[in-house]
Amino acid sequence: MSALLLKDLYMIKRDCRGNVILCLVFAVAGIAGNSIFFAIWPLLFCALIPSTLLGLEEQAGWQAYADTMPWSRKTVVTEKYVLTLSLSVCVTAVLTVVYALTGALGRTGIGPGDLLIVGIFVLGMLPASFMLPVTFKFGMVKGRTAYMVCLMVMGALLGILSSLSGEVTDFLTAGPQTLLLALLIAIPTVLFAASWVLAVKFYEAREL
């Protein structure tokens with residue numbers, strides 16, 4: 001799996017620099033602005049990189065070639081999920097440090113901070129949890145519709161979250177913090193695990 005991860009890191013450096021640039025632009029906008037919208041989009045851009053890599057691999061015929069290598073399709077799927085999780089954790093950690101130092105999270109009007117950070121991570125993971133199984137089953141070309149639907153849904157959710165910042169703050173501060181934090185961690189973990197199981201089943205049954 002380490003070889004597959006290294007391959008993807010090379011591909012990100014060569015083909016996904018635009019995602020990284022957009023991530024930085026939105027992060028800077030989040031520091032200067034006061035909207036949760038800008039705090040979440042950097043993570044969304046990075047969480048969707050694995051689907052972009054799958055599309056590039058499909059165009060290059062890599063998947064058929066990978067079947068001849070000494071690893072299983074389950075390993076190929078697992079590597080993409082490990083990459084997704086690693087990118088999301090790294091970006092969340094960077095955003096947490098940068099926004100904490102600049103006080104940007106406090107200006108969003110949503111709190112407390114620990115729940116907000118976990119919430120950002122959750123929203124960033126949701127598109128990948130839905131996109132990866134679809135991509136592994138149908139390929140990037142046929143799965144492009146689902147890709148666009150995920151982006152539109154996340155954009156709508158972000159708009160709603162920004163407009164209801166006061167209500168969200170009341171809900172987060174009124175409820176038991178430990179329970180809310182546990183739910184924010186448990187729900188995406190279950191969804192991500194279920195997504196991985198589906199992706200493995202879909203890809204193992206897919207004809208290339």
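**Reading the terms in a predicted helical model**

Modeller: With a relative accessibility of 3%, Ser195 counts as buried. The model is predicted, so that local features need pLDDT of at least 70 and side-chain atom pairs count only at pLDDT 80 or more, whereas totals for chains, interfaces and linings use all residues. Residues are numbered from 1 along each chain as its sequence is written, and side-chain values use heavy atoms, with hydrogens and water left out.

Colleague: What makes Ser195 count as buried?

Modeller: A residue is buried under 20% relative accessible area, exposed over 50% and partly exposed in between, with a 1.4 Å probe and protein chains only; Ser195 has 3% and therefore counts as buried. Ser195 is found in helix H11, residues 177-205. Leaving aside neighbours within four places in sequence, Ser195 is in contact (heavy atoms within 4.5 Å) with Tyr81, Ala128, Ser129 and Pro133.

Colleague: Why is Leu132 called buried, and which residues does Leu132 touch?

Modeller: The relative accessibility of Leu132 is 1%, and Leu132 therefore counts as buried. Leu132 lies in helix H8, residues 113-142, and, not counting residues up to four places away in sequence, touches Pro50, Ser51, Leu54, Tyr81 and Thr84. Leu54, one of these partners, is 78 residues from Leu132 in sequence, while their C-alpha atoms are 8.9 Å apart in space.

Colleague: How do you know whether Thr135 and Gly139 are buried or exposed?

Modeller: Thr135 has a relative accessible area of 3% and is therefore buried; Gly139 has 0% and is therefore buried. Thr135 has its place in helix H8, and Gly139 is found in helix H8. Beyond neighbours within four places in sequence, Thr135 is in contact with Ser51, Leu54, Met140 and Arg206, whereas Gly139, not counting residues up to four places away, touches Glu58, Val134 and Arg206. Gly139 and Gly55 are 84 residues apart along the chain, with their C-alpha atoms separated by 7.3 Å.

Colleague: What makes Pro42 a buried residue?

Modeller: Pro42 has a relative accessible area of 0%, and Pro42 is therefore buried. Pro42 lies in helix H3, residues 36-47, and its C-alpha atom is 8.5 Å from that of Gly124, which stands 82 residues away along the chain. Over the chain, buried residues make up 44% of the 208 residues.

Colleague: How many helices and strands does the chain have, and what counts as a helix?

Modeller: Helices (H or I, at least four residues) and strands (E, at least two) are DSSP runs, numbered from the N terminus; on that basis the chain has eleven helices and zero strands. Of its contacts with a separation of 6 or more, 85% join residues 24 or more positions apart.

Colleague: Why are H1 and H4 called roughly perpendicular?

Modeller: Helix H1 (residues 2-15) and helix H4 (residues 49-60) pack at an angle of about 90°, with their axes 11 Å apart. Such axes are lines fitted to C-alpha atoms, for helices over the stretch in contact, with angles running from 0 to 180 degrees between N-to-C directions. Angles under 35 degrees count as roughly parallel, over 145 as roughly antiparallel, 65 to 115 as roughly perpendicular and the rest as oblique, and H1 and H4 are therefore roughly perpendicular to each other.

Colleague: Which residues of H1 and H4 meet?

Modeller: From H1, Lys7, Asp8, Met11, Ile12 and Asp15 meet Ile49, Leu53, Leu56 and Glu57 of H4. By class, this contact has five nonpolar, no polar and four charged residues, where Ala, Val, Leu, Ile, Met, Phe, Trp, Tyr, Cys and Pro count as nonpolar, Asp, Glu, Lys and Arg as charged, and the others, Gly among them, as polar.

Colleague: Where in the chain is confidence lowest, and where is it highest?

Modeller: The pLDDT, which is the predictor's confidence in each residue from 0 to 100, averages 76 over the chain, and 68% of the residues score at least 70. Confidence is lowest in helix H7 (residues 104-107), at a mean of 51, and highest in H1, at 88. Over residues 107-112 the pLDDT is below 50, although this stretch has 27 contacts in the model beyond near neighbours in sequence.
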